[in-house]
Each structure stands twice: as C-alpha cells, then as structure tokens.
Amino acid sequence: MTKQGKFWIAGALALAAMSTAAIAQRDPAYAAARAAGQIGEQPNGYLGVVSGGPAIQAIVDKINIQRKATYAEKAAAAGVTINDQGVTFGCNLIAQTVPGEKYRLPGPGAGGAWATRTSAPPTRSDACV
C-alpha cells in the first residue's frame with residue numbers, strides 16, 4: 001500500500017471516530033438507542049434500524065442524511081463513488097463498535113443478519129483492510 005493510501009485510511013478512521021462520538025454527545029436519543037441495540041452499523045456506511053418504531057427510524061434517517069453528505073464530499077475529493085466512500089466508512093465504523101452494540105454482517109445489499117459485537121473483532125467484509 002502506498003504512503004498516500006495509508007494516510008487516507010488513517011484519516012478516514014480518525015474522522016469516523018470523531019463523527020460517531022460527536023453525534024452521540026449531541027443526541028442522547030441516538031446514544032440510548034444504540035446502547036439498547038435498536039440501531040446498528042451497516043457495511044454500506046449507513047445506520048440501520050434493528051428494532052423500534054418511527055422515532056428510531058427518524059434518528060437513523062437524520063444521521064444517514066448527514067453521513068451521505070459527508071460521503072459525497074469526501075468521494076468528490078477522492079475521485080471515487082459515494083457508495084465506495086460509504087463502504088470504506090462502513091468498514092471503519094463496524095470496527096469501532098464496542099461489545100454489546102449491533103452491526104450488520106456482510107452480505108448482499110445493505111448486508112446480512114444483525115450481530116451483537118462481542119469482545120472478539122467484528123466480522124467485516126473481505127473488502128475491508
């Protein structure tokens with residue numbers, strides 16, 4: 001891997017960590033839903049609803065709109081697609097889950113079944129580095 005590639009991955013990891021932490025601090029409803037296993041990370045870089053009603057869906061939709069805007073900006077700067085950018089962030093966000101949090105296993109579309117993070121590393125797509 002080139003020096004530039006390593007720098008890009010490190011930057012994406014740092015940004016993803018800061019973004020997730022900042023969202024959780026600003027929105028206690030998001031933090032509570034995530035801790036309760038109602039919201040989980042997906043391989044495509046977007047949040048998904050594991051369980052819950054319209055209020056949980058509204059939280060997920062709001063954050064996903066923000067994520068898509070970030071992915072679009074980063075994708076344009078990097079010369080890649082929004083989908084590719086989302087997948088890169090998805091790899092990193094799933095890696096950052098903590099035991100007890102939900103994430104979607106790799107699979108077609110948005111992913112496979114929901115899993116609960118244990119103390120072991122999460123199962124991620126083969127595309128993740």
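1. Terms for the core. A nonpolar core is a set of buried Ala, Val, Leu, Ile, Met, Phe, Trp, Tyr and Cys residues joined through side-chain atoms within 4.5 Å. Buried means under 20% relative accessible area, exposed over 50%, and partly exposed in between (1.4 Å probe, protein chains only).

2. Basis of the values. The model is predicted: local features need pLDDT of at least 70 and side-chain atom pairs count only at pLDDT 80 or more, while totals for chains, interfaces and linings use all residues. Residues are numbered from 1 along each chain as its sequence is written, and side-chain values use heavy atoms, with hydrogens and water left out.

3. Fold. The protein has four helices and four strands, where helices (H or I, at least four residues) and strands (E, at least two) are DSSP runs numbered from the N terminus. Their order from the N terminus is α-α-β-β-α-α-β-β.

4. Burial and surface. Of the 129 residues in the protein, 34% are buried. Taking contact to mean heavy atoms within 4.5 Å, 44% of the contacts between residues at least 6 apart in sequence join residues at least 24 apart.

5. The largest nonpolar core. Eight residues form this core: Tyr 30, Ala 33, Ile 39, Leu 47, Ile 56, Ile 59, Val 60 and Ile 63. Helix H2 (28-35) and helix H3 (54-78) each supply at least two of its residues, and H3 gives the most, with four.

6. Salt bridges. How many salt bridges does a search of the whole structure find? There are three, a salt bridge being a side-chain nitrogen of Lys or Arg within 4 Å of a carboxyl oxygen of Asp or Glu. Arg 34, Glu 41, Arg 67 and Glu 101 are linked in a network of such bridges.

7. Arg 34 and its partners. The Arg 34 side chain meets that of Glu 41 in a salt bridge at 2.8 Å, N to O. Arg 34 is buried at 7% relative accessible area, and Glu 41 is buried at 0%. A salt bridge also joins Arg 34 to Glu 101, with the closest N and O atoms 3.0 Å apart. Glu 101 lies in the loop between helix H4 (82-95) and strand E3 (102-104) and Arg 34 in helix H2, so the pair ties together parts 67 residues apart in sequence. Glu 101 is itself buried, at 14%.

8. Glu 41 and Arg 67. The side chains of Glu 41 and Arg 67 form a salt bridge (2.8 Å, N to O). This pair links distant parts of the chain, with Glu 41 in strand E1 (residues 39-41) and Arg 67 in helix H3, 26 residues apart. Arg 67 is buried, with a relative accessible area of 8%.

9. Asp 27. This residue lies in the loop between helix H1 (3-26) and H2 and is buried at 18% relative accessible area. The Asp 27 side chain reaches the backbone nitrogen of Ala 29 at 3.0 Å. Asp 27 and Ile 59, 32 residues apart in sequence, are 9.0 Å apart in space, C-alpha to C-alpha.

Conventions. A polar contact is a pair of N or O atoms within 3.5 Å; within protein, one must be able to donate a hydrogen and the other to accept it, and residues adjacent in sequence count only if both atoms are side-chain atoms.
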